[in-house]
Amino acid sequence: MSAYAGQSLRSRDHQGTLGLLPPRGAGAYEEFLNLYGPTPTPGERLIGVLEGSGLSGRGGAGFPTARKLRAVRDGRRPVVLANGTEGEPASHKDEVLLAHNPHLVIDGALLAADAVRARRVIIAVARATDAAAQLERALASRPDGDRVEVKTVPERFIAGEESALVHFLNGGEAKPTATPPRAFERGVGGRPTLVQNVETLATLALIARYGEEWFRASGTAAEPGNVLATVCGAVRMPGVLEVPLGILLSDLFARCGGLTEPASAYLVGGYFGRWVPPIEGLELSNESLATAGGRLGARTVIALPESSCGVLESARVIAYMARQSAEQCGPCVFGLRTLAARFATIARAEPGATEAYRALAGLHRQIARRGACAHPDGVLEFAASATTVFADEFSAHLAGHCTAHSHQHVLPVPTKQGDWR
Amino acid sequence: MSKPLHLTLDMIRCDAYGHCAELLPEIIELDQWGYPIINDPSLPEHLHADARRAITACPRLALKLEHRPAANAPARSGHAL
C-alpha cells in the first residue's frame, strides 16, 4: 500500500497548520521548510513542552514520550534510535510517513537528540522497503543530514521489538534479548538508548513548532493529538489516514469510502491487537476501545466482512505469528505452534474441534507471561479476543460447520520470511 | 538475618533439561514441553541450599538467585514503543 487514502484529515482546530501528511507530500527540503517553517531549537526545553502536550508513543505501546526522554537525559550520553521498521503486516503508516514526509521524521529525531544531548542518531527501517533510499536522499539534501545514520533491518515481525532492534544494531541477530537491561539503560553500543517510533518523532517535530496547546486542540482530553491509522478490510479505499484520536470508527470508514459490506468485527491494533465487536459509537481511542475489550496499538483497523470466517482468519494469523517466533523461549516455540494447530483444527471444523477448543484454556496458562519478550502474550490476547468476539462462529465450527459464505482470505499474511541478520 | 531471595529464570537460555524440577520440586514444575514453571519465585530459607544446587546443576546457566523482589521486575519490553 504505497498510496494513502489521500487527503490529510486535519481536525477542525488544526486548520491553518499542517499535520503529519500534507496533501501532496512534503517534497524536497526547501519545499518542506516553506510548508512548515524552519526547525526550531528548543534544546532541553522540549521535554517540558512534550510533558505538557501529553504525547504518548505512536508505535503501539503508548508510553509517555516525555518520560522516555527524561529517562536518558541525565546519565551517560545517550543514542537516539528512530524505529521505522513496522513489522506488523497490516500496518503501513510508517512506510507512508517516511515516503511522504521524511524531513519531519528527521527533524523529530534531531530535536529529540538535542533535548537529551545525544550525538549518535539512527533511523532504522525495514530492509525490503524504499524507506532507506528515500531517507538517504532526504538526508543528502539537508545541511544537518550527516548527523543521522540510516540502518536497514531484516523483514521479520519481531525485528522491531526494542531489544531485538538493539541486539541487531549491535551486530547480533534481530531477536529479542533477556531484559533487564532495557535499552534506556544499556542499548546501542552499550549506551543508554532512546527508542522512539518514527511517527512519535514526526509528531514531536510538530509540537516543537506549534506548541502543546495546538497539539491538545485535537484528539480527546485523555488521549490528545492526531495519529496515523491504517484502514483495510471491507472498505472501498483502504489506506493510511491522519485523524484525531477519538474519531468514530464509522467516520474513519466513511473517510475510506465506506464499507463494502457490513463488518462482523473489527481488528484493531494489528496482530498484536484484539478483535472488537462492531458496536455503534466506538471511537479510535484506548478509552472507547477498552469498553469493547480492545486497544489502539499502532492503529491498524481492519473491518472483517461478514461473509468471511472470523475463526479461519484468526487461525491464519495465529499460524503466521507462531512462525514469527524467534524460537528462543520454549513456551513461545512449542506453545504458539500448538495453539496454531488447535486453531487450525477448529477452523476446519474437524471432528477433533471440540477437544481442541477445550485445550485452549490450559494452553493459555502454559504460555502466558513466560516469554522473554511480549510476543507470546500478544498472540494469546489476540486468540482470546477471537474466541470471545466470534463465540457463535466457534460454536458452529465445534458442531461441524462454518457459517461463512466466502473463504477468500482477508487478513494479509506474508509467506516470505526475512533473515535474522 | 538473611535477605529475601528470589529465583529467576532466563527463558532464552533454558533448553528444558529439567534438572531444576528434580532438585527443587517444591518451587519448580515442568510444562508439557519440559520447560520450568516457577509459580512463586520467593524462596523460603529452608530451600536456599536446594535452590543453589539446582542453579549449579543447570547446564545452560539459566537460573539465578536475586535479592531483588521478582514482583517488582521492570515492565517487559513491548513489541514497539
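**Briefing: chains A and B**

In chain B, 62% of the contacts with a separation of 6 or more join residues 24 or more positions apart. The model is predicted. Chain A has 421 residues and chain B has 81 residues. The two chains touch, with 32 residues of chain A and 16 residues of chain B taking part.

**Chain B**

- Chain B contains 2 helices and 5 strands.
- Read from the N terminus, the order of these elements is β-α-β-β-β-α-β.
- Of the 81 residues in chain B, 26% are buried.

**Chain A: overall form**

- Chain A is built from 16 helices and 9 strands.
- The C-alpha trace of chain A spans about 65 × 45 × 35 Å along its principal axes.
- The radius of gyration of chain A is 21 Å, which agrees with the value near 22 Å that a compact globule of 421 residues would have.
- Buried residues account for 57% of chain A.
- Among contacts in chain A with a separation of 6 or more, 71% are between residues 24 or more positions apart.

**Chain A: confidence**

- The mean pLDDT of chain A is 94, and 96% of its residues reach 70 or more.
- Residues 1–13 of chain A have a pLDDT below 50.
- In the model, this stretch of chain A has 33 contacts beyond near neighbours in sequence.

**Chain A: helices α5 and α8**

- Two packed helices are described by the angle between their axes and the distance between the axes.
- Helix α5 of chain A covers residues 102–116, and helix α8 of chain A covers residues 198–210.
- The axes of these two helices come within 7 Å and cross at roughly 80 degrees, so α5(A) is roughly perpendicular to α8(A).
- From α5(A), the contact is made by Leu104(A), Val105(A), Asp107(A), Gly108(A), Ala109(A), Leu111(A) and Ala112(A).
- From α8(A), the contributing residues are Val198(A), Leu201(A), Ala202(A), Leu204(A), Ala205(A) and Ala208(A).
- By class, the residues of this contact between α5(A) and α8(A) comprise 11 nonpolar, 1 polar and 1 charged.

**Where chain B meets chain A**

- Chain B brings 16 residues to the contact, and chain A brings 32 residues.
- The side of chain B that touches chain A consists of 9 nonpolar, 4 polar and 3 charged residues.

Notes
Residues numbered from 1 in each chain as written. Chains lettered and ligands numbered in written order. Predicted model: local features only at pLDDT ≥ 70, side-chain atom pairs only at ≥ 80, totals over all residues. Contact = placed C-beta atoms within 7 Å. Nonpolar A, V, L, I, M, F, W, Y, C, P; charged D, E, K, R; others polar. Helix = DSSP H or I, 4+ residues; strand = E, 2+ residues; numbered from the N terminus. Rg over C-alpha atoms; globule rule 2.2 N^0.38 Å. Buried ≥ 20, exposed ≤ 12 C-beta atoms within 10 Å, placed from the backbone. pLDDT = per-residue confidence, 0-100. Axes fitted to C-alpha atoms, helices over the stretch in contact; angles between N-to-C directions. Parallel < 35°, antiparallel > 145°, perpendicular 65-115°, else oblique.
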